[in-house]
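Let's take a friendly walk through a protein together.

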Amino acid sequence: MKERKESRYRNAVLLSRPKKFLARFLDGLSVLILSLVFFAISDGILSALPVYRDVQERIMDVRSELYSIVEESGLSRREDGTLLSSSDMAEEYLKRSVLCTLEEVKAPEEISQRIYKDVEPITPEEDGLFQYYVSFKVEKRDRFEASSMEKSGLDYYQKEIIDDNAYFEYSDGYPYLNSESALAIDEYFVSGTARGKEVYDAVLELFDKAYFDASEDLMESYEPYVLAERTFLDCRDSLLSMRGIALLFSYLLGILMVYLLFPVLFQDGRTLSDKALDIAYTDITGKAIGGWNIMLRIILSLIANLYVPFVIAILLFGGEGVYFMDISILGFFNILVGFFVSFLYLLVSGLFDFVSRKGMHQTVTEILSQIVAKNGKEFMLEDKEHGKEADA
């Protein structure tokens with residue numbers, strides 16, 4: 001085996017910690033930028049593949065199916081391509097209920113056209129929550145879990161949802177806002193009265209919770225929804241897994257570019273950041289580093305920079321990036337776990353740098369790859385007469 005020659009940086013002074021931190025920060029930033037570029041390219045290629053497009057179309061079809069189920073149940077409706085939330089449905093219900101009662105106790109010219117513009121009075125047939133418990137669940141009882149059917153029917157709606165609420169009165173089994181409550185809420189709409197706000201908040205809270213609970217019941221107990229949602233989640237995970245593989249591949253290319261391509265081009269084991277900051281490396285005996293040292297450094301840098309896929313997922317996908325965190329990619333990698341491994345590794349590595357080892361300050365990466373970071377422009381010369389060192 002050929003013995004490595006002594007490095008010309010043998011007598012260079014050890015690299016200062018701030019400069020070492022700056023170099024590693026720049027290396028990490030380089031990996032992040034390169035990974036982003038490679039991912040943009042690979043993701044573009046991936047999205048053009050038939051298998052990817054098939055899964056994407058399947059997701060859109062199943063999402064539309066889920067939306068249709070919810071609309072059929074009466075618990076929400078589509079607006080601008082998305083379903084209204086429970087809070088939105090409760091607010092809509094409340095305003096329609098107020099108008100329904102006002103038309104019974106006020107002359108048409110006394111009702112604000114500004115506040116109730118485009119609002120239609122509520123009817124039992126158009127009250128989605130009422131229809132869900134009284135009609136939808138009863139008609140489709142064979143598709144609901146048996147335990148869920150205990151929460152259905154007119155009697156359940158009256159006793160459990162409305163619960164003899166003082167703000168309502170019944171007509172033909174349907175609860176309408178009584179005149180006192182409707183007038184109080186109307187006054188709140190018009191002039192912001194305290195009493196009106198109190199009634200408004202109480203009724204809104206009641207139906208906000210009712211719509212939310214009913215939606216949860218539908219999603220957990222209605223077989224067609226449960227099956228469609230399972231299909232949707234499987235397709236979504238498959239899509240995310242494919243993109244996750246593209247992300248890992250891009251990250252690997254970024255690591256190889258920073259820690260292999262440039263060190264090989266420079267033929268001295270230095271990254272682009274090392275070159276710019278005049279950082280040099282020797283092994284622990286002062287000899288030039290070899291291919292084995294470089295390969296160990298690449299592997300350890302791969303672990304140290306595992307926060308990069310996490311950052312890219314958050315930057316590019318925002319809220320959807322959260323779904324990336326739990327996906328097992330290639331059956332063994334999890335982005336969230338990778339982030340914590342990287343964080344702990346960098347923390348421990350930084351602490352090791354403060355511990356002197358044979359007069360050398362090394363991070364975990366430097367210790368395991370058996371390299372020493374030195375200042376490429378400052379050297380220590382031995383004073384033969386006094387046996388001391390001097391700056392050159």
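## Contacts and overall form

Two residues are in contact when they have heavy atoms within 4.5 Å. In this predicted model, residues 24 or more positions apart account for 69% of the contacts with a separation of 6 or more.

What does the protein contain in helices and strands? There are 14 helices and 12 strands. The C-alpha trace spans about 110 × 50 × 35 Å along its principal axes. The radius of gyration is 34 Å, while a compact globule of 392 residues would have one near 21 Å.

Of the 392 residues, 44% count as buried. As for disulfides, the structure holds 0.

## The largest pocket

Rolling a probe the size of a water molecule over the atoms shows where empty space is left. The largest pocket holds about 620 Å³ of space.

Which residues lie nearest the centre of the largest pocket? They are Phe21, Arg24, Leu346, Ser349 and Thr363, part of a lining of 24 residues. Helices H1 (17–47), H10 (291–304), H13 (335–352) and H14 (364–368) are the elements that each give two or more residues to this lining. H1 gives the most, with 7 residues. By type, the lining divides into 11 nonpolar, 7 polar and 6 charged residues.

Methods:
Residues numbered from 1 in each chain as written. Predicted model: local features only at pLDDT ≥ 70, side-chain atom pairs only at ≥ 80, totals over all residues. Heavy atoms only, no water. 1 Å grid on protein atoms, 1.4 Å probe; cavity = no way out; pocket = protein on both sides within 12 Å on 5 of 7 lines; lining within 4 Å. Points joined across faces, edges and corners; volume = space filled by probe spheres on them. Helix = DSSP H or I, 4+ residues; strand = E, 2+ residues; numbered from the N terminus. Nonpolar A, V, L, I, M, F, W, Y, C, P; charged D, E, K, R; others polar. Disulfide = S-S within 2.5 Å. Rg over C-alpha atoms; globule rule 2.2 N^0.38 Å. Buried < 20%, exposed > 50% of the residue type's maximum accessible area, 1.4 Å probe, protein only.
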